[in-house]
Number of protein chains: 2
Amino acid sequence: MTLFWAKGYHATSLKDLEAALNMKPGSIYAAFHSKEALFRATLDRYAGRMTAEMQAMIQSSPSPLAALQRHLEGLSELTPCSRPSTACMLVKSLLEVPQDGDLRSFITAHLDRVEQVIGAALRAAQAKGELPPSVDTARLARRVQTYIFGLKVQAQRETDPQRMHDLCQDLAAEIGRLPQSSSTEGSQSETAGT
Amino acid sequence: MTLFWAKGYHATSLKDLEAALNMKPGSIYAAFHSKEALFRATLDRYAGRMTAEMQAMIQSSPSPLAALQRHLEGLSELTPCSRPSTACMLVKSLLEVPQDGDLRSFITAHLDRVEQVIGAALRAAQAKGELPPSVDTARLARRVQTYIFGLKVQAQRETDPQRMHDLCQDLAAEIGRLPQSSSTEGSQSETAGT
DNA sequence: GATTATTTTGAGCGATCGTTCAAATTACAT
DNA sequence: ATGTAATTTGAACGATCGCTCAAAATAATC
């Protein structure tokens, strides 16, 4: 997973995998069926850990909204050293994989699941009165996910930590501003009927 | 450029390029020195067009801020058919290329230039009184760019157009909300001294 | 039109790609 | 200890990778 995450699917060769897994080609193909199947398995593992980490973070906090905020702020501490890549493996793979194909839908399915987790957190926040009942949580979830995507891409530019910190603060503040402001009131009505 | 944009660097083979350019390998290596050099040239072309398009869009409008808003809203019409890829070629390449290397810094340099263009638009908006003098335009520029990154990644998931439209509206509305709200007032002071 | 410079050609280079499979090894059951 | 099943090994496969270069074709110059 580390290899695929850091180097991407194409740039990771079986030679690399043999060394990392300490397995000869035959064993690899006995355990997994192909390089692509192994890649899928790593995507599963990555997505599983990501969603688990996210859910744990949310459930550990009394305020789901604050948890999401802290998560965004925490993205400022993405150093190229600690993780294989500061970018999201799912996003990296999404952009690398062919436009239409099994792998693409496989990845989008995982992204949908992550979005659902964010949506659940927002619904919980709504239930606790942190958010007005009028907000479209599914729509807001996608927006929060979009923030995360953007931030993790920016983290790849490894500029000075201060700017990254400021950026995360700004986007986290967006979420914090949601409770008091009727932020989506105007456009919300567009989808109110559906 | 179309090929690299759509398929990425690694997935584009010289066979593909020979067919697209209608050139034999020898001619390609006479014109460009290597596959990587050709890739760099396409990145130059892409970034050049992107910045030009962005500047034209800004200068054609009396309100730079409204132009940026319209740009974000326009991202909802990113169809997988019209362009080689709905994703930004620079972002795609940034995520594909090795962590440290010439290519990486080459790409980030281009991203910096795009960010500068956005920053210039914001400064122009500030000069016209569309933005309070207190806002850190450089910092805001990065935030706008982060929105664009996130949106173009989301566009890769080709879900129903309505949701994409809503998402773009939401992020464009963020920009629209900047003039009246002292949005960055609290965190702004953190970098005010530098 | 002859001569020189430039460009294009495409076969083919060594390397590496993902993958296979018969043989060797290890683990397990009796 | 013996036989059987499961696993690992690593050489080698065909295909493709990015790339080279002598020869052929074309363009430019006088």
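I take contact to mean heavy atoms within 4.5 Å. With that, I looked up where the two chains meet: 47 residues of chain B and 48 residues of chain A take part.

A note on my source: this is a predicted model, where local features need pLDDT of at least 70 and side-chain atom pairs count only at pLDDT 80 or more, while totals for chains, interfaces and linings use all residues. Residues are numbered from 1 along each chain as its sequence is written, chains are lettered from A, and side-chain values use heavy atoms, with hydrogens and water left out.

**Entry: buried area.** I looked up the accessible area (1.4 Å probe) that the two parts lose on being put together, summed over both. Between chain B and chain A about 4,400 Å² is buried, with 51% of that from carbon and sulfur atoms. In chain B, the residues that lose the most area to chain A are B:Leu95, B:Arg142 and B:Arg157, together 18% of what that side buries.

**Entry: charges.** I counted as a salt bridge a side-chain nitrogen of Lys or Arg within 4 Å of a carboxyl oxygen of Asp or Glu. There are 12 salt bridges between chain B and chain A. One of them joins A:Arg139 to B:Asp166, with the closest N and O atoms 3.9 Å apart.

**Entry: DNA strand D.** Next I turned to residues with a heavy atom within 4 Å of the strand. There are 13 residues around DNA strand D, and A:Gly26, A:Ser27, B:Leu14, B:Tyr29 and B:Lys35 come nearest. For B:Ser13, I found a side-chain N or O atom 3.4 Å from a phosphate oxygen of DNA strand D.

Key. A polar contact is a pair of N or O atoms within 3.5 Å; within protein, one must be able to donate a hydrogen and the other to accept it, and residues adjacent in sequence count only if both atoms are side-chain atoms.
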